Amino acid sequence: MDNPQPSYPLDNPRYHHDACGVGFLATRDRKRSHSLLQLGVACLERLDHRGAKAADGTGDGAGILTQIPYRILGRDLKRAGHHIPTEDRLGLIMVFLPRGERAERAREVVESAVAFEGISGLMWRPVPVDPKVLGTRAKATRPRIEQLIVEAPGGVDDAEEFERLLYLARRRVERVAEAEGLTGFSIPSASGRTVVYKGLYTAATISDFYWDLRDPTFETAFAIFHQRYSTNTAPAWSIAQPFRTLAHNGEINTVKSNRAWMTAREVNPASPVFGERSGDLVPFLQSNYSDSGSLDNIFELLVRGGRSIEHVKEMLLPAAWENVPEMDPALRSFYEYHAFLTESWDGPAAIVGTDGVSIIAGLDRNGLRPARWILSEDHVLVASEAGVCPSVEAVAIETGQLGPGEALLFDGQSGAVTFSDEINLRLSKQRPYGEWITKDTLYVEDAFNAKPPPNVDPVKLARVFGYDPEERRLILQEMAEGRTPIGSMGTDTPLASLSAEPRRLTHYFHQLFAQVTNPPMDPIREKMVMSLR
């Protein structure tokens with residue numbers, strides 16, 4: 001007799017796939033091919049179940065980041081009678097134009113910003129798409145999608161300098177568009193190296209919508225893919241992922257604080273790389289962006305400012321270091337030094353980022369998002385789950401999964417793959433961080449470690465600080481006796497500002513949490529990865 005099938009009368013757990021999917025695939029020899037693009041698209045399509053879809057079929061966003069399709073652009077330039085720049089001098093600006101009459105004004109803004117940087121705009125290229133695969137809402141909000149093919153200014157032979165000029169041009173476009181109220185207008189990518197194809201469709205239909213992805217002359221050596229599960233923001237074309245440098249699975253729980261601190265830093269935007277152009281970097285963050293989009297803004301800013309992608313990852317999403325006693329002192333000094341420069345963008349987060357050459361995949365210190373890696377003789381693959389690329393995984397020579405705070409770096413110049421130990425060793429030795437933090441740092445912990453005065457009256461203290469009998473019995477007493485206070489998630493406590501009773505100062509400052517189910521935070525039992533400082 002055959003074994004009976006398991007019965008799930010109300011719910012089948014195998015349908016639980018409610019987190020966005022992210023990953024990248026790259027060839028280790030760095031040679032471009034259309035077959036690599038096809039594999040990257042297939043990886044994204046296999047993550048389709050991680051997205052959400054409205055009743056009309058509108059997806060919550062999916063996309064892919066690749067190298068610029070040089071052969072396609074060269075073909076179209078030739079047909080239009082333009083000269084074809086060499087690969088190192090050709091750039092591509094992917095533009096989501098507003099529909100209707102405002103499209104022409106949007107083109108003018110882009111052309112003006114490009115010309116201001118001395119970049120030559122060669123031609124506008126309409127991106128071939130098929131709107132029939134879109135849902136009703138996606139069709140109604142669909143921008144006009146075009147690409148401006150550009151050429152580096154004469155005398156600019158450094159690829160990084162060309163990237164910075166395109167970055168400054170894009171920032172100028174964003175400032176003008178916001179000042180003029182040009183809604184429905186955004187730039188998914190502007191680079192001499194990479195391009196982003198994204199939108200409000202399901203992952204399984206990306207190549208049905210973007211016909212370029214089916215063109216056999218579209219060749220790339222890597223692909224970063226993302227199926228966006230919509231958290232904390234309503235899905236929109238402009239905030240689908242990947243962004244310009246980053247794809248992110250998770251949410252940034254500290255984003256309100258992160259944004260506030262970055263705004264404060266705009267007062268003195270000094271950069272040795274941008275020099276007198278540093279003021280053009282302000283504002284650092286785009287308005288009305290998602291948490292992932294804000295993280296991408298800062299990731300891109302730091303990369304264009306001269307830091308390596310692995311350096312930026314460890315600045316913004318550092319591994320746990322404050323309470324790790326066995327950590328190498330040089331590495332601890334690295335993290336402590338950068339803690340003075342910027343606060344961490346705390347996850348949960350799994351990211352894949354690129355400077356257009358190399359690629360990094362990493363987790364935040366909590367490690368609550370999956371990132372599996374596979375190395376074969378020919379490919380490097382990192383993805384949110386196994387099974388996204390069977391042809392690569394079947395011939396794997398090494399496999400594993402990134403842990404909390406860990407990272408994998410693929411060097412796009414040498415083809416080398418390195419992991420956190422080697423990455424961190426190199427980062428910790430690039431500057432004398434230990435010397436820097438001991439020169440001018442003052443530590444104030446000793447003042448807070450003094451013993452409390454004798455004869456403390458807990459009842460009087462409770463009265464002074466506003467603890468009612470219920471809080472003393474259910475919360476303070478439990479904590480004092482070493483137990484965990486237990487209560488429900490909901491609260492019917494009135495807002496402090498509307499309460500008729502005196503309230504503690506802390507009641508006026510409640511933390512905002514992401515609209516997803518995350519494990520509760522416990523700064524005592526999880527002190528390795530969490531600090532209340």
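Leaving aside neighbours within four places in sequence, S333 is in contact (heavy atoms within 4.5 Å) with Y433, G434 and I437. S333 belongs to helix 10, residues 329-341, and is buried at a relative accessible area of 11%. The model is predicted, so local features need pLDDT of at least 70 and side-chain atom pairs count only at pLDDT 80 or more, while totals for chains, interfaces and linings use all residues. Residues are numbered from 1 along each chain as its sequence is written, and side-chain values use heavy atoms, with hydrogens and water left out.

**Overall**
- The protein has 16 helices and 16 strands; helices (H or I, at least four residues) and strands (E, at least two) are DSSP runs, numbered from the N terminus.
- Of its 533 residues, 49% count as buried; buried means under 20% relative accessible area, exposed over 50%, and partly exposed in between (1.4 Å probe, protein chains only).
- Among contacts between residues at least 6 apart in sequence, 75% join residues at least 24 apart.
- The protein exposes about 27,000 Å², of which carbon and sulfur atoms supply 54%; areas come from the Shrake-Rupley method with a 1.4 Å probe, and for residues only the protein chains shown count as cover.

**Helix 1**
- The end C-alpha atoms of helix 1 (residues 34-45) are 17 Å apart, which agrees with the 16 Å that its 12 residues should span at 1.5 Å a residue; the expected span is 1.5 Å times one less than the number of residues.
- The buried residues of helix 1 are H34, L36, L37, G40, V41, A42, C43 and L44.
- The cover over these buried residues includes strand 1 (21-27), strand 2 (62-67), helix 6 (206-209), strand 8 (222-227) and strand 13 (379-383).

**Second largest pocket**
- The second largest pocket has a volume of about 790 Å³.
- Its lining has 36 residues, and the closest to the pocket centre are L182, G184, F185, S186 and S238.
- On a 1 Å grid over the protein atoms alone, a pocket is an open set of points with protein on both sides within 12 Å along at least five of seven lines, where a 1.4 Å probe fits, and lining residues have an atom within 4 Å of a point.
- Grid points are joined across faces, edges and corners, and the volume is the space filled by probe spheres set on the points.
- Strand 3 (90-97), helix 4 (136-141), helix 5 (159-180) and strand 6 (186-191) each supply at least two lining residues, and the largest share, 6 residues, comes from helix 5.
- The lining divides into 18 nonpolar, 9 polar and 9 charged residues; Ala, Val, Leu, Ile, Met, Phe, Trp, Tyr, Cys and Pro count as nonpolar, Asp, Glu, Lys and Arg as charged, and the others, Gly among them, as polar.
- G184 lies in the loop between helix 5 and strand 6 and is exposed, with a relative accessible area of 52%.
- Beyond its neighbours within four places in sequence, G184 is in contact with F96, L97, P98 and P143; the C-alpha atoms of G184 and F96, 88 residues apart along the chain, are separated by 7.4 Å.

**Backbone geometry**
- Most residues other than glycine have a negative phi, and most peptide bonds are trans.
- The peptide bond from Q241 to P242 is cis, with omega near 5°; P242 is in the loop between strand 8 and strand 9 (246-250).
- Another cis peptide bond joins V282 and P283, with omega about -5°.
- R30, not a glycine, has a positive phi of about 65° and is partly exposed at 34% relative accessible area.
- N288, also not a glycine, has a positive phi of about 55° and is exposed at 78% relative accessible area.
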